[in-house]
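Here's a quick briefing to read with the model open in your viewer. Take a look at the fold, then work through the points below.

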Amino acid sequence: MPLHFRLVYLESLRLTLSIGNFLEVEFRNWSHQYQMNFYFQAAKVLDKLDAKQGSIKSIIATVNEKDRKRTAALVIETLKYKPILNEILDATKLLKEERKITSRSLALVLTHDLLLASGIQAGDGPIKQAILRHKTRLHSEFTRIKIKRGVKSNSELALGDDARAARIPRYVRINTSCWTTEEAIPTFVARGFELADPFASESSFARDEHIPDLLAFNPRTQFVDDLLYKEGKIILQDKASCFPAFVLSPDDKSMVIDATAAPGNKTSHLSALMGNKGKLFAFERDRKRFSTLKTMLSKAHCRNVEAVNVDFLTTSPTDERFSQVTHILLDPSCSGSGIVNRLDHLLETEDENDAEQDRLNKLATFQLLMIRHAMKFPSIQRIVYSTCSVHAIENEHVVRKALATDECSKGGFQLADPAMVLPGWKRRGLADEMGNAAEAQSLVRCSPDEDATNGFFVCLFVRVEPEDENKLSEIGSRKRGAADSEVEASDAGERKRRKMRKKAKANPDRR
């Protein structure tokens, strides 16, 4: 081969090798950044949980689907060991000595993988190196804690499960947009399940007595990887969470709004109850949750739903798109204090202090605002208000205030007759918190300790069709009169007590 051809060949080979090395380095850098981004994402979830921006499930639902399962696993495992990991970080003073790690949540997930998993799953970089510089101290402190607490295995240091969760079945709602319960039951029987008390064995399941198309399986039964779940033929939904749509009870001619729809379980239930007919608007203001909602609706084969990426409160009731809406489901943000069969028991809870009370007051104000806005829609006939809270301030108190509003009086709304609100369900509203035992019977409560469900609250407002305007005015006058009488009685009692105290001071010998 001539010399000049040989030189050209060698030069091209050198360039090829150089490009290969460059690409290899770039791939390593990209791989490192991708893996580290996973830890950043997990840390971001922990930050949101600390800020009480939602439940574990709702916040993880905003994570990109391809990373969701892995992120959820790391977040949950980190939460299980969070008290121990915090103790280790404080003892080693890692956050004080390493300026590159500015987030405690990031330090928690990285330390978790270093001490409790197979190591930090990311290439070398400044953040990983910052943790590894303290590797020996971190391991030593971890060992010291195990010795101090007298444990032999790491799992003994993890937070335990909520005992109440073991008493709640694994509820599965048959998605009747795809098939029927009569078709589903033989399918499960063919798989080796048997109709019996769901707690009798791990292969037992039963039909629910209150919600049609709802099945109850043993709590240990898993369906997340089941093909029926992936195809949208079954929906994993707690029994109490099925109450709002069932109580609202729209038909195939209804026009419905789900005001806070994501992640979409209740929306898909409404769609199924409507036979995938009529019109259902699913509102979700958050962009990421809206994406989750659309994925869920597609998976559940909801053909009568229009997802709307808008804040329900900004929607005009007279907008021609929504002015004919007949049913509204309101399941607004709440404290989530009734949830037990998810993983939120791992979160640190605040005492009933001023800060927590202030948070509940703000939630209740928002919840009342949602009800008042819903009552302004001109064609509305039924409004369901629900929460997964056990606090009266978010439940009976909100309903009581809603009944006293101008929107309620002018719209002719009242609580539905108890016979319209799960008449077979025994646990009703708290009479003392409503101030009216009869009205409390129109409300539904679920106890996480006794009802084999999460804690929940459901209320149904219905519009009364007055014979004339005078009757409508009379409804409002009675409500306002009752409220005024209550205030007057309270004032009269206070005046009487002041008079008695004044008289007692004037005649001390009579005490």
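The chain exposes about 26,700 Å², with carbon and sulfur atoms supplying 51% of that area (Shrake-Rupley method, 1.4 Å probe; for residues, only the protein chains shown count as cover). You're looking at a predicted model, where local features need pLDDT of at least 70, side-chain atom pairs count only at pLDDT 80 or more, and totals for chains, interfaces and linings use all residues. Residues are numbered from 1 along each chain as its sequence is written, and side-chain values use heavy atoms, leaving out hydrogens and water.

**The chain as a whole**

- The secondary structure comes to 19 helices and 13 strands; these are DSSP runs numbered from the N terminus, with helices being H or I of at least four residues and strands E of at least two.
- Of the 511 residues, 46% count as buried; buried means under 20% relative accessible area, exposed means over 50%, and partly exposed is in between (1.4 Å probe, protein chains only).
- Take the contacts (heavy atoms within 4.5 Å) between residues at least 6 apart in sequence: 72% of them join residues at least 24 apart.

- Two packed helices are described by the angle between their axes and the distance between the axes.
- Axes here are lines fitted to C-alpha atoms, for helices over the stretch in contact, and angles run from 0 to 180 degrees between N-to-C directions.
- Helix 4 (residues 82-92) and helix 6 (residues 104-116) have axes that come within 10 Å and cross at roughly 100°.
- On the helix 4 side, the contact uses Lys82, Leu85, Asn86, Ile88, Leu89 and Asp90, while helix 6 brings Arg104, Ala107, Leu108, Thr111, His112, Leu115 and Leu116.
- By class, this contact of helix 4 with helix 6 has 7 nonpolar, 3 polar and 3 charged residues; Ala, Val, Leu, Ile, Met, Phe, Trp, Tyr, Cys and Pro count as nonpolar, Asp, Glu, Lys and Arg as charged, and the others, Gly among them, as polar.
- Which residues of helix 4 are buried? They are Lys82, Ile84, Leu85, Asn86, Ile88, Leu89 and Thr92.
- Just after helix 4, Lys93 takes a positive phi of about 55°.
- Helix 6 also packs with helix 8 (residues 135-149), at an angle of about 75° and with the axes 11 Å apart, so helix 6 and helix 8 are roughly perpendicular too.
- Here Thr111, Leu114, Leu115 and Leu116 of helix 6 meet Lys135, Leu138, His139 and Phe142 of helix 8, and the residues of this contact divide into 5 nonpolar, 2 polar and 1 charged.

**Helices 14 and 15**

- Helix 14 (residues 354-374) and helix 15 (residues 396-403) have axes that come within 10 Å and cross at roughly 45°, which means helix 14 is oblique to helix 15.
- Helix 14 passes helix 15 in a right-handed crossing; a crossing is right-handed if the near helix is turned clockwise from the far one by less than a right angle, and left-handed if anticlockwise.
- Ala364, Gln367, Leu368 and Ile371 of helix 14 meet Val398, Lys401 and Ala402 of helix 15, a set that splits into 5 nonpolar, 1 polar and 1 charged.

**Cys334**

- Cys334 sits in the loop between strand 9 (327-330) and helix 14, and counts as buried because its relative accessibility is 19%.
- Leaving aside neighbours within four places in sequence, Cys334 is in contact with Leu363, Gln367, Thr387, Cys388, Ser389 and Glu394.
- The C-alpha atoms of Cys334 and Leu363 are 6.1 Å apart, though 29 residues separate the two along the chain.

- Most residues other than glycine have a negative phi, and most peptide bonds are trans.
- A cis peptide bond joins Ala262 and Pro263, with omega about 5°; Pro263 is in the loop between strand 6 (255-258) and helix 12 (265-273).
- Asn276 isn't a glycine, yet has a positive phi of about 60°.
- Asn276 is in the loop between helix 12 and strand 7 (279-283), and at 10% relative accessibility Asn276 counts as buried.
- His301, not a glycine either, has a positive phi of about 60° and lies in the loop between helix 13 (287-299) and strand 8 (305-308).
- Setting aside neighbours within four places in sequence, His301 is in contact with Ser177, Cys178, Glu231 and Asn276.

Terms used
Angles under 35 degrees count as roughly parallel, over 145 as roughly antiparallel, 65 to 115 as roughly perpendicular and the rest as oblique.
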